[in-house]
Amino acid sequence: MSYKINSFSISEKAVGSYEKKLSICLMTNGFSFSVTTVHDELLAIGEVGCNLNAPMPVLLSDIKGAMDQCKISSIGFHDVELVVNTHQFVWIPQHLYDITQRRAYLEALCTIDASCGVYDSYNETIKSTIVFSAESSVVSTFMVALPGLAVRCQHEKFVNNDTIAASDLKSLMIVNAREGESDFCLFCNKKLQISNTYTCSNFDEVMFHSLNLSKQFHLDDAEMAVAICGNVDEGQYAMFCKFFPQVALYMGRSLTLTNPDMQHVRLYRYATVL
């Protein structure tokens with residue numbers, strides 16, 4: 001066994017598989033996952049450590065082993081998604097989108113690594129398609145392990161009805177702090193203004209980009225809320241509070257916890273699977 005269950009919490013509530021949704025997000029050293037219901041209940045959440053660069057048979061064995069150990073089936077879900085973290089992506093309004101040009105859209109902005117494939121996903125909230133790159137071998141392995149899996153980009157997870165509504169008559173910045181990189185989404189007056197990923201080798205650089213974006217859009221003296229998630233500790237949260245008047249932890253969509261132990265899970269660390 002070459003994987004490790006780093007954390008795991010599950011509910012004993014009986015729910016039919018056709019009402020369940022499985023969401024997995026790739027990390028540097030493994031993946032996080034959640035099982036929710038179509039009624040917005042959280043049934044399970046956890047984190048698995050494994051080598052995503054391992055040969056396909058090894059990674060496939062790790063995925064299946066971890067899912068079995070956590071008593072999570074690989075079939076029968078209402079919806080299964082794999083969220084990849086990438087800095088190569090572009091939003092295209094749906095009325096302008098041509099699927100035959102999918103790779104060309106991305107190649108116009110960056111050089112795609114030979115090991116990467118190009119994927120797309122439609123976002124109903126802003127009626128746009130996001131085109132992005134991801135490691136082909138890793139995505140293919142998860143597709144084999146979890147049939148019917150949809151591949152999505154982390155930025156799409158932040159663009160939803162709740163975040164759009166929260167930016168009505170004000171601005172909202174979502175900051176997703178990750179190892180080596182951080183994601184920033186800025187909404188103003190119910191519109192997505194910017195969606196980008198920056199290299200951030202330390203927390204000071206996360207703060208720099210947050211402040212720079214607020215000035216770039218002339219929001220430093222306007223009403224703006226900041227919602228942060230990912231790898232954030234209490235001290236870093238307090239630092240945001242020094243520079244921004246409204247700061248909160250972002251935990252994805254609002255969910256009902258079906259296990260009291262989940263009250264102790266830092267859900268803001270798992271926003272991309274919630």
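Which residues do ring pairs link into a cluster? The cluster holds Phe-8, Phe-31, Phe-33 and Phe-142. The structure is a predicted model, in which local features need pLDDT of at least 70, side-chain atom pairs count only at pLDDT 80 or more, and totals for chains, interfaces and linings use all residues. Residues are numbered from 1 along each chain as its sequence is written, and side-chain values use heavy atoms, with hydrogens and water left out.

Nine aromatic pairs are present. Rings of Phe, Tyr and Trp (its six-membered ring) pair if their centres lie within 6.5 Å; planes under 30 degrees apart count as stacked, over 60 as edge-to-face and the rest as tilted. Phe-31 and Phe-142 pair edge-to-face, at 5.5 Å centre to centre and 90° between the planes. This pair links distant parts of the chain, with Phe-31 in strand β3 (residues 30–37) and Phe-142 in helix α3 (residues 136–145), 111 residues apart. Helices (H or I, at least four residues) and strands (E, at least two) are DSSP runs, numbered from the N terminus. Both Phe-31 and Phe-142 are buried (under 20% relative accessible area, with a 1.4 Å probe and protein chains only).

Phe-203 and Phe-240 also form an edge-to-face pair, at 5.8 Å and 70°. Phe-203 lies in helix α6 (residues 203–216) and Phe-240 in helix α7 (residues 234–243), so the pair ties together parts 37 residues apart in sequence. Both Phe-203 and Phe-240 are buried.

The structure holds zero disulfides (pairs of cysteine sulfur atoms within 2.5 Å). For Cys-50, the nearest cysteine sulfur, that of Cys-70, is 12 Å away. Cys-50 is buried, at 8% relative accessible area. The sulfur of Cys-185 is 8.8 Å from the closest cysteine sulfur, in Cys-153, too far for a bond. Cys-185 is buried at 1% relative accessibility.

Pockets were also located. On a 1 Å grid over the protein atoms alone, a pocket is an open set of points where a 1.4 Å probe fits, with protein on both sides within 12 Å along at least five of seven lines; lining residues have an atom within 4 Å of a point. The largest pocket has a volume of about 920 Å³. Of its 35 lining residues, the closest to the centre are Leu-26, Met-27, Thr-28, Asn-85 and Arg-178. The second largest pocket has a volume of about 640 Å³. Its 24 lining residues include Glu-156, Lys-157, Val-159, Asn-160 and Arg-253, the closest to its centre. Strand β7 gives the largest share of that lining, three residues.

Conventions
Buried < 20%, exposed > 50% of the residue type's maximum accessible area, 1.4 Å probe, protein only. Points joined across faces, edges and corners; volume = space filled by probe spheres on them.
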